[in-house]
Amino acid sequence: MKEDFTDFIEVSGLLNYDPDTISKIYKKNPKRLLKRLWQTLIPIFAYIFSVGWDKLTGRLKNEQQARFRARELTNLLVELGPAFVKAGQALSTRPDIIPGILLEELSELQDQLPGFDGNKAMELIEEDLGYKINEIFLEIDKEPISAASLGQVHKAKLKNEEIVAIKVQRPGLREQITLDLYIVRNIALWLKNNIGLIRSDLVALIDELGKRVFEEMDYLNEAANAEKFRDMHKHNKMIAVPKIYKEITSRRVLAMEWIDGTKLTNLEDVKKTGINPDEMIDIGVQCSLEQLLEHGFFHADPHPGNLLALEDGRLCYLDFGMMSEVSRESRSGLIQAVVHLVNKNFDKLSQDFVKLGFLSEEVNLEPIVPAFQDVFINAVEQGVSKMDFKSVTDDMSGVMYKFPFRLPPYYALIIRSLLTLEGIALSVDPSFKILGAAYPYFARRLMEDPDPQLRESLKEMLFDNKKFKWDRLEDLLSNAAKQTNLDLEKLLDEVINLLFSPNGGFLRNEIVEGLTNQIDLLSLKILKSLNNYLPQSIKLNTINENNNLNDLVMYVEPLRNFLEILQKVPGYSIDIFLKRVPRLINEPYTKEMGIKIAKKVTEKGVVRLVKIAAGANI
């Protein structure tokens, strides 16, 4: 007899996370709640009692004992089930709540669990899709090829002989998840109301977690995410995304194209296929940055099991249950924060944290600025390419725990994503620095993006007390040139935009002065050449000079500096300048600069005529 896999929670009318509805459901079904309470509260209170005893006796001050208790909590969360594992993972990215040692242990949490019975999986597929197995598949493996906290995957062949991966959700998962969220949320509510030492809103954290887990449990939502991700990367020849078979996908069953590849957990196997793991890592980093800062829709769980190295050199993404979005304002804000970090402007960096939602507007930033300086100054002076992301994150944890920081939901997932990527990369290259790998991308975005906020950030980066910093421009260009998809023409357009912007007046004045001097020297050279043909009686008094004026433009210092830097960029050609001559001629500031040059040249000419009339040497 087949087991009934009807979802108790769905039958109750709950399809999206709603804490009020969950509370009403379990008030009507107290037996389900009491059973789960017995399974969870006994081991939880036993753990709390043991930690409390250690604290009372002073044993918790011993680092070894504190680490033992932190590890014990991690193991307990795994034993308690998926919701507690997810809660532990969420807490592992919340340095504003969790002290350092516990943070380290929670970061080790893995959501890999034993699979459930294959026969039950087959029954669940039939019940959820409404068809017999042999009506959908030519064949299907009953034994799962992999399993995680929410479900497991089976390999199958469709009637048209296409190979697919079938992800099947664990039976009773939604009930266990909602029960656990209900219990944990009420514990958090009690702690919030009764424990004054806990600064952050634990209830909001649980609600955030609940929303994310419900999104992961809805395979129709995951299918939509996968389609959006595919469209986002359809022009990226280095990324592969399996297609979804919508006709055999439901809330608890997901059918996805089968793609053969090597998981990045098996790096030795990756090398055996002839694929360069370093290139895979680079593709993963660049792809993640594009998702985060260009598209604002990113894969928040890029662990090795969700990434496949393909024999053709592409990187394939799997599992789109945990995705997140970042607003355009936050994307620009993150890049601005990098600029202020590189410029060591810790005062503005603290203001960035307010704009990004890490600090409330009422917080006094004065004591936070020197704390930022202590954390970042040594790392910045070593250079962005040498900054250790985990070390900086760990140092920031202390600051965030000390001051009233609150972490926006997107930031927790960003940290999770980047730390996961860095962990994969370190297994390939122990000296890998994800910030160093990411900086060329930031440089290119800063140079190319027309976003007004980033234009201001670029000016802030390149000017120091109204003085143009050519070394910073060279650093930005050299880093941007490391990007294989650098658009040199677009980059030049942005430099021209900078030159002809209201804030580009200083640069324009330098160019006016340089061109004025060169035109004056050219006119002087012509005058001296004509003087050679005059009768001796009326010849002017001249000073012989070796003036080589073959290239008027190259003697104008700002243009010379820029050209010397640009010539080092791969793909440089003089043609990219010639194409822009019409635009330069039609710029409003060009006419203004021409009038200034003509006025200054005339003034210099008049002064020279006065000198000639007085009999002075020229």
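**Reading the core, a helix and a strand pair**

Reply: In the largest nonpolar core there are 92 residues, and those with the most contacts inside it are Phe372, Phe376, Phe405 and Leu476. The model is a predicted one, in which local features need pLDDT of at least 70 and side-chain atom pairs count only at pLDDT 80 or more, while totals for chains, interfaces and linings use all residues. Residues are numbered from 1 along each chain as its sequence is written, and side-chain values use heavy atoms, with hydrogens and water left out.

Me: What is a nonpolar core?

Reply: A nonpolar core is a set of buried Ala, Val, Leu, Ile, Met, Phe, Trp, Tyr and Cys residues joined through side-chain atoms within 4.5 Å. Buried means under 20% relative accessible area, exposed over 50%, and partly exposed in between, with a 1.4 Å probe and protein chains only. In soluble globular proteins, nonpolar side chains tend to be buried together. Of the 618 residues of the protein chain here, 50% count as buried.

Me: With which residues is phenylalanine 372 in contact, leaving aside its neighbours within four places in sequence?

Reply: Contact means heavy atoms within 4.5 Å. On that basis, phenylalanine 372 is in contact with Phe346, Leu349, Ser350, Phe353, Ile377, Met396, Val399 and Phe405, its neighbours within four places in sequence being left aside.

Me: How is helix H16 to be read, and where does it bend?

Reply: Helices (H or I, at least four residues) and strands (E, at least two) are DSSP runs, numbered from the N terminus. Helix H16 covers residues 368-382, and its 15 residues reach 22 Å from the first C-alpha to the last, close to the 21 Å expected at 1.5 Å a residue. The expected span is 1.5 Å times one less than the number of residues. H16 bends by about 45° at phenylalanine 376, the bend being the angle between axes fitted to the seven residues ending there and the seven starting there. Buried residues of H16 include Ile368, Phe372, Phe376 and Val380.

Me: Is lysine 24 buried or exposed?

Reply: Lysine 24, in helix H2 (residues 19-27), counts as exposed because its relative accessibility is 58%.

Me: Which strand is joined to S6, and by how many bridges?

Reply: Two strands pair if DSSP finds at least two bridges between them. Strand S4 (residues 163-169) runs antiparallel to S6, and five bridges join them. Isoleucine 166 stands opposite alanine 255 in S6. Strand S6 (residues 253-257) is mostly covered, with four of its five residues buried.
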